[in-house]
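Here is a briefing on selected local features of one protein model. Keep the sequence and the structure open while you read.

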Amino acid sequence: MNAQKYILSPDAVNFPVGDRVAVYHRQLGGLCFLDADASGILGQFSEPTEIAANVLEGDDITRREELIQQLVLRQLLVPLDRVDAGPEYAPVPQNKVNIIQLILTNACNFGCTYCFEGVQGVELPQEEVAEQYKKIDISRLNSPNEIKVNINESIYASEARIGHQYDPKNRLMKPKDAIAYVDKALEIAKSTGVTEVMLQFFGGEPLLNWKAIKAVLDTYGNGAAHGIVINYSTVTNGSLISEEVAETFARHKVAVCVSFDSPKSTSRPLKNGGDSAPVVMEGLRMLQKYHNRVAINSALTSDTWDEFDNSIVDLAVDYGAREIGVVVDFDPTFYSKFGAPAIVEKLWGVIEYGRTRGVVLTGYWHQIFQVLLGFDAVSHRGFKNCSAKGAQLSIEPNGSVFSCKAGSGLYGNVLQGTELLDTDIYRQHASLRRQNPAFCGGCEIEGFCAGLCLGPLEKKFGDVASVEPSACDMYRGITRKLIEAIAPYEVATFDLAPN
């Protein structure tokens, strides 16, 4: 009987969770739980150990042999003669675009203290926007005519990026342009082999350009007539939700993320200085009336630290939202200021309270955990937890395509079509789909984490392939917490001890 020696993979991560051990591959994921007996079998492979060929090929095997088979399939046990070759991955497509982000306007009717939209130029003409919202109090739209721009204080790392934000000719996407851009973006996406895309309405405040949103929804619907499945989402401040908006979003199954940090927060005033909460609550009620899929989008930043607490969960429940997306501060100084343990505990406290009320907290930090749960999920997704690594086209009103709203990666103009995918800057971003900087080697979440937001990394280091070490402990810490909170029946669990 042929046999081959196997050994515990150097990429295997394991640690105790209750009376079991959590184990996964740091590059591929595949989280599972082992009881003490099963963990003992895994430990035996710390030294090279033979596995008979029939164990890996046969069905008529013992429970112990079934466990070994699973550990080999998950690449937690690897052939001794291949241990230095690294894990076997499914190939990630060189080009894979499955997220289309339309920046419908570079303007907002809010003056949030921490938002990149705060660095903007001449505001949209009130009459132009008010025409779309005749029944809405004009005070929701009032703002100063001009805001001073200081590139040293913005999130943006390049003159070209901030130039797009400030350019008066790049303020509002015309409906006919939105259609032309989506046509080209779908052409690009389909050329990469995808059959389903997420189309995001983004800004600024996207609802300041309702005409363009409606034009896209009416033209493309679910994408069936265009040979591709289209899902929709939007991030909005919620202040411009009308009956028409709520009904249209519900009909087209648009996932609506309403930004609202806390009932106690004063960090999201209207541009005229007024309290935004009443109009946001009105918008949430309208969405609830039409049974929209709603998530609250909340920020945990230096500005919101004191107000971020369980009250955001209670608000979500009151307005029928079962998910809260938490954006943890993009600014690297946030992590050094508060420290990873305090940030993890602050976030975890609200996560635990949310669970008692049926509300899930998610975010880029949570996607690390989600990718880890699957096995080699990056090959399917085309990115880890940051879609700006080659999987996304962020299209400005003038047609310029960036890697994301915060990043400075300018690919070109969407009307260039598939030529965008041949540019050096696109390829640079796409190379980071799976690859991490050398600094990340050996990290327990290496295969799932793409690091901090691109904009701040570019701003601080001048390179997207950089790492902000002060954020690493936070990402690792919250991922550990999420793993430790899993019940055994929620993931594959291998128990060898007799019942």
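**Helix contacts, cavities and backbone**

In helix 7, W210, I213, K214 and L217 meet E244, V245, T248 and F249 of helix 8; contact means heavy atoms within 4.5 Å. This is a predicted model: local features need pLDDT of at least 70, side-chain atom pairs count only at pLDDT 80 or more, and totals for chains, interfaces and linings use all residues. Residues are numbered from 1 along each chain as its sequence is written, and side-chain values use heavy atoms, with hydrogens and water left out.

**Helix 7 and helix 8**

- By class, this contact of helix 7 with helix 8 has 5 nonpolar, 1 polar and 2 charged residues. Nonpolar covers Ala, Val, Leu, Ile, Met, Phe, Trp, Tyr, Cys and Pro; charged covers Asp, Glu, Lys and Arg; the others, Gly among them, are polar.
- The axes of helix 7 (residues 210–220) and helix 8 (residues 243–251) come within 11 Å and cross at roughly 25°. Helix 7 is therefore roughly parallel to helix 8 (angles under 35 degrees).
- Axes are lines fitted to C-alpha atoms over the stretch in contact, and angles run from 0 to 180 degrees between N-to-C directions. Helices are DSSP runs (H or I, at least four residues), as are strands (E, at least two), numbered from the N terminus.
- Helix 7 passes helix 8 in a left-handed crossing (the near helix is turned anticlockwise from the far one by less than a right angle; clockwise is right-handed).

**Helix 12 and helix 17**

- Helix 12 (residues 340–356) and helix 17 (residues 469–484) have axes 9 Å apart and pack at about 30°.
- The contact involves A340, I343, V344, E345, L347, W348, I351 and R355 of helix 12, with D473, M474, G477, I478, K481 and L482 of helix 17.
- The crossing of helix 12 past helix 17 is right-handed.

**Cavities**

- The structure holds 2 cavities of 30 Å³ or more. A cavity is a set of points on a 1 Å grid over the protein atoms alone, where a 1.4 Å probe fits but cannot get out; lining residues have an atom within 4 Å of a point.
- Q27, L28, V371, D376, A377, V378, R434, G447 and F448 line the second largest cavity.

**Backbone**

- The peptide bond from G203 to G204 is cis, with omega near 20°. G204 lies in the loop between strand 8 (196–202) and helix 7.
- K253 has a positive phi, near 55°. Its loop runs between helix 8 and strand 10 (255–259).

Note on methods:
On a 1 Å grid over the protein atoms alone, a cavity is a set of points where a 1.4 Å probe fits but cannot get out, and a pocket is an open set with protein on both sides within 12 Å along at least five of seven lines; lining residues have an atom within 4 Å of a point. Grid points are joined across faces, edges and corners, and a volume is the space filled by probe spheres set on the points. Angles under 35 degrees count as roughly parallel, over 145 as roughly antiparallel, 65 to 115 as roughly perpendicular and the rest as oblique.
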